[in-house]
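This report is a brief tour of one protein model.

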Amino acid sequence: TTALSVGLLLPDWLTHFLGGTSHWNLVAHSVLIPAALLVTGADKTEKRMLGWLAVGMTAHMGWEFLHGTTPLGADIGLWQLLPWVAVNCLIALGMLIAGLNASRD
């Protein structure tokens, strides 16, 4: 529950510190942060938590995408952002499934 909650709130917290027009918001509104933490080496429990963190961050990004409030700058349009959202959703789902399967072993 904590990892999912942090995933839902972390993008807004980073946007507050980076600014609404920063291109770093593309990183903050994606699964790049949990994926980087996963690649650096995570045990079974951490993999499960990183999966839920990725799902939370992707849910936040999807919510903002559907409502047109993504803070990724005016130069990135809806159709340019759609592949980014779709790929992030698939990666987050894969991370969650891998994390849940790793915790069973």
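## How the helices are described

Axes are lines fitted to C-alpha atoms, for helices over the stretch in contact, and angles between their N-to-C directions run from 0 to 180 degrees. Two packed helices are described by the angle between their axes and the distance between the axes. The model discussed here is predicted.

## Helix α1 against helix α4

Helix α1 covers residues 2-18, and helix α4 covers residues 44-67. They pack at an angle of about 45°. Their axes lie 7 Å apart. Angles that are not roughly parallel, antiparallel or perpendicular count as oblique, and α1 and α4 are therefore oblique to each other. The crossing of α1 past α4 is right-handed.

Which residues make the contact? From α1 come Ala3, Leu4, Val6, Gly7, Leu8, Leu10, Pro11 and Asp12. From α4 come Met49, Trp52, Leu53, Val55, Gly56, Met57, Ala59, His60 and Glu64. By class, this contact of α1 with α4 holds twelve nonpolar, three polar and two charged residues.

## Helix α3 against helix α4

Helix α3 spans residues 32-39. α3 and α4 pack at an angle of about 165°, and their axes are 8 Å apart. Angles over 145 degrees count as roughly antiparallel, so α3 is roughly antiparallel to α4. Their crossing is left-handed.

On the α3 side, the meeting residues are Ile33, Pro34, Leu37 and Leu38. On the α4 side, they are Lys47, Leu50, Leu53, Ala54 and Met57. By class, the contact of α3 with α4 has eight nonpolar residues, no polar ones and one charged.

## The largest nonpolar core

How many residues does the largest nonpolar core have? It has eleven: Leu10, Leu14, Ala28, Val31, Ala42, Leu50, Leu53, Ala54, Met57, Ala92 and Met95. α1, α4 and α5 (78-104) each give two or more residues to this core. α4 gives the most, with four residues.

Ala92 is one of the core residues. Leaving aside residues up to four places away in sequence, Ala92 touches Val31, Gly51, Ala54, Val55 and Thr58.

## A look at Leu38

Leu38 sits in helix α3.

Leu38 and Asn101 are 63 residues apart in sequence. In space, they are 15 Å apart, C-alpha to C-alpha.

Technical notes
Residues numbered from 1 in each chain as written. Predicted model: local features only at pLDDT ≥ 70, side-chain atom pairs only at ≥ 80, totals over all residues. Heavy atoms only, no water. Parallel < 35°, antiparallel > 145°, perpendicular 65-115°, else oblique. Left-handed = near helix turned anticlockwise from the far one by under 90°. Contact = heavy atoms within 4.5 Å. Nonpolar A, V, L, I, M, F, W, Y, C, P; charged D, E, K, R; others polar. Core = buried A, V, L, I, M, F, W, Y, C linked by side-chain atoms within 4.5 Å. Buried < 20%, exposed > 50% of the residue type's maximum accessible area, 1.4 Å probe, protein only.
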